[in-house]
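Let me put the model up and then walk you through a few bits of it.

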Amino acid sequence: MLSQTACAQDFLEKWDFDLDGKNDSIYFEYTGGAHCCYHIRIKTSHDKQIWSYEDDMDGGYVMGVDDSYPDKFNIKNYDNDSAPEILMEINSYNGEYYPGAGHILLDYYNGMFFRKDFDLYGYYRSLDSISCTGISGVSGYYISRGDDVIETMLLHSSGLVDYTERPRGNAPWEKNYLGRWELHNDTLSIVYTHMNYEDMPNVNEELDAPIRFTLIYRQNDCMFEATAQSKQQFFKE
């Protein structure tokens with residue numbers, strides 16, 4: 001038996017995929033365990049048909065599936081047609097990727113849902129209308145959309161850098177690092193010298209030792225990619 005998942009602000013209950021003027025129903029079956037897994041069920045209102053998909057979506061939604069992790073699950077109009085699509089990150093577990101992990105879109109068209117692979121970060125890059133050539137194009141606001149944290153990096157044209165590590169969920173910490181950056185060909189060198197916390201944004205503490213970080217700039221993609229230090233990718237916003 002399908003049971004509707006409670007969610008914040010009725011996020012799952014406000015979407016009309018079949019465009020009949022009535023909101024359709026979204027349900028999830030939960031397999032159990034700490035994080036894995038949700039299986040989605042969609043009931044279209046005009047024909048009462050239930051569309052079931054067995055793709056494993058990470059179950060890290062303690063209060064029910066909502067819009068708190070938009071890179072893992074979201075509903076919006078991604079292709080600019082007349083109806084919204086459902087985005088799901090599948091085959092990941094507790095923030096870790098496994099073979100077959102990635103993103104899919106469930107797109108309702110001409111009486112049925114189509115399941116198709118989706119390049120989420122390619123979609124983000126397609127929204128970027130800022131030129132990425134030269135130093136003026138490099139400076140700006142970048143974000144790394146990780147599984148556990150959201151990392152943002154602001155490169156000022158003056159050579160200053162602000163970096164913020166913000167947790168996903170309800171973790172209490174948030175760190176802000178300050179320093180300088182230089183670009184040599186396609187290599188970005190950053191030295192962080194000070195930091196502060198979210199609850200003390202104007203108190204900059206000098207680090208015991210500077211933190212040095214290196215990123216490679218991929219101009220065609222408007223992004224920075226970390227070296228072997230991590231798997232981070234910072235996309236320009």
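So, contacts to begin with: of those in the protein chain with a separation of 6 or more, 38% are between residues 24 or more positions apart, where a contact means heavy atoms within 4.5 Å. Before I go on, this is a predicted model, where local features need pLDDT of at least 70, side-chain atom pairs count only at pLDDT 80 or more, and totals for chains, interfaces and linings use all residues. Numbering runs from 1 along each chain as its sequence is written, and side-chain values use heavy atoms, with hydrogens and water left out.

The protein chain has two helices and 16 strands; those are DSSP runs numbered from the N terminus, H or I with at least four residues for helices, E with at least two for strands. Of its 237 residues, 43% are buried. Buried is under 20% relative accessible area, exposed is over 50%, and partly exposed is in between, using a 1.4 Å probe and protein chains only.

Now, salt bridges. I'm calling it one when a side-chain nitrogen of Lys or Arg sits within 4 Å of a carboxyl oxygen of Asp or Glu. The structure holds six, and Glu29, Arg41 and Glu54 are linked in a network of them. Arg41 pairs with Glu29, closest N and O atoms 2.8 Å apart. Is Arg41 buried or exposed? Buried, because its relative accessibility is 5%, while Glu29 at 29% is partly exposed.

Next, Asp55 and Arg115 meet in a salt bridge too, 2.8 Å from N to O. Asp55 lies in the loop between strand 3 and strand 4, and Arg115 in strand 8, so parts 60 residues apart in sequence get tied together. Asp55 is buried at 14%; Arg115, at 39%, is partly exposed.
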